[in-house]
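Have the viewer open and follow the points in order.

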Amino acid sequence: MHISIVGTSTTRRDFRNAHSPDEEQFYDIFSFNDSVSTDNAISLLRQFAANDGRAVTFCGSGECTTHPGYPAICDAGHEAGLRIGLITNGSRLGRRVTAECVASTHTWVRIGLNAGTEATFDAITRDREDTFVSLLENVGRLRQSAIDPDFRIGFHYVITARNHREIMAAAHVAREAGAHYIRFEPELSGALGHATAEPVMDEVTAALGEAAGLATGAFEVSVPELDQGPTDRVGAVEGDFGRCHYSRFVTAVGADGNLYPCPQVHLDSRYRLGNVIDDGYAEVLGGGPRAEWEQSDPLCTDRCKSCFYRPRNELLELLRHRRTELDEALGAYALEVPSTLHADFV
């Protein structure tokens, strides 16, 4: 489960989520005032675990660590047997109660960096809490104090026209901070990786190649495929699959308390399946609205034309129609990745 327990955040983003202008109607029911109470969040995670849930990722439109009950919610989820991941801007990781919670209950943490210098970070996020310096300091501390032997903490860097010259600087500060990794990704629309990136593509490619050279056995540099072709307008469904299979493995809950088929479409009214706070997780998961959605063709809607989870859906389509066998697919994967971490997070 991906869950957002608050709608508020301590920083802003300087990039776009949409793949194309055709898909910009994101979060039409988003509200900064949305919040799931501590008691309701604890009850939900216990219900999720009781219905064979394995892992929960705290993420979404708001900064989950700002929720006053975040430590209690995570403690309860951990006690219920769930593995916990966190996508965060890092602003609260230095606070004692948050740091202790993360160290004792979390499996992984991914921090949005998006800059290689404090000046650019502050300009992009309008940060007022000296987050850049503190998050670098806190990464090493959390890595050393985490209890889970599979604990990983690292950075996510969205490459934009504004920050693309700080790729190397970001890789350096991430490694020096003691992060396990830094993951680079092009902005999804209107910037790098697409048609508008042509003037600087060579520069970005060179910088990513140089950054990859900083990788060691203890520090991973994840470099994206930049040559994705122009996606400034998506008029047809992309991907070789006929149904959304990924939604059978991962669901999303918004800070409004509603269940959605996947994180890509959370807080989109067209995909609202029912309120798990009011009606219960199991009842909504197996109820009428979800069945109705699954009987429809989700690929015909605007938001699903560019599926964030296309590789998963294409593989599941091959398996479902027996065009490849599971052992064959996993065997090929195992040659490249002998040991898989955090599989419960899919």
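1. Start with the contacts. This is a predicted model, and in its protein chain 74% of the contacts with a separation of 6 or more are between residues 24 or more positions apart.

2. Now the overall make-up. The protein chain has 346 residues, and 51% of them count as buried.

3. On to the inside. In soluble globular proteins, nonpolar side chains tend to be buried together. Here the largest nonpolar core counts 79 residues, and the ones touching the most other members are F58, F155, I182 and F184. Helix α6 (residues 167–177) supplies the largest share of this core, with seven residues.

4. Leaving aside residues up to four places away in sequence, F184 touches Y157, I159, I167, A171, L208, A211, V221, S222 and P224.

5. Finally, take a look at the second largest pocket, which holds about 210 Å³ of space. Its lining is made up of R243, C244, H245, R248, F249, W293, E294, L316, L319 and R320. Two elements give two or more residues to that lining, α10 (288–295) and α11 (310–320), and α11 gives the most, with three.

6. What classes of residue make up the lining of the second largest pocket? Five are nonpolar, four are charged and one is polar.

Note on methods:
Residues are numbered from 1 along each chain as its sequence is written. This is a predicted model: local features need pLDDT of at least 70, side-chain atom pairs count only at pLDDT 80 or more; totals for chains, interfaces and linings use all residues. Side-chain values use heavy atoms; hydrogens and water are left out. On a 1 Å grid over the protein atoms alone, a cavity is a set of points where a 1.4 Å probe fits but cannot get out, and a pocket is an open set with protein on both sides within 12 Å along at least five of seven lines; lining residues have an atom within 4 Å of a point. Grid points are joined across faces, edges and corners, and a volume is the space filled by probe spheres set on the points. Helices (H or I, at least four residues) and strands (E, at least two) are DSSP runs, numbered from the N terminus. Ala, Val, Leu, Ile, Met, Phe, Trp, Tyr, Cys and Pro count as nonpolar, Asp, Glu, Lys and Arg as charged, and the others, Gly among them, as polar. Buried means under 20% relative accessible area, exposed over 50%, partly exposed in between (1.4 Å probe, protein chains only). Contact means heavy atoms within 4.5 Å. A nonpolar core is a set of buried Ala, Val, Leu, Ile, Met, Phe, Trp, Tyr and Cys residues joined through side-chain atoms within 4.5 Å.
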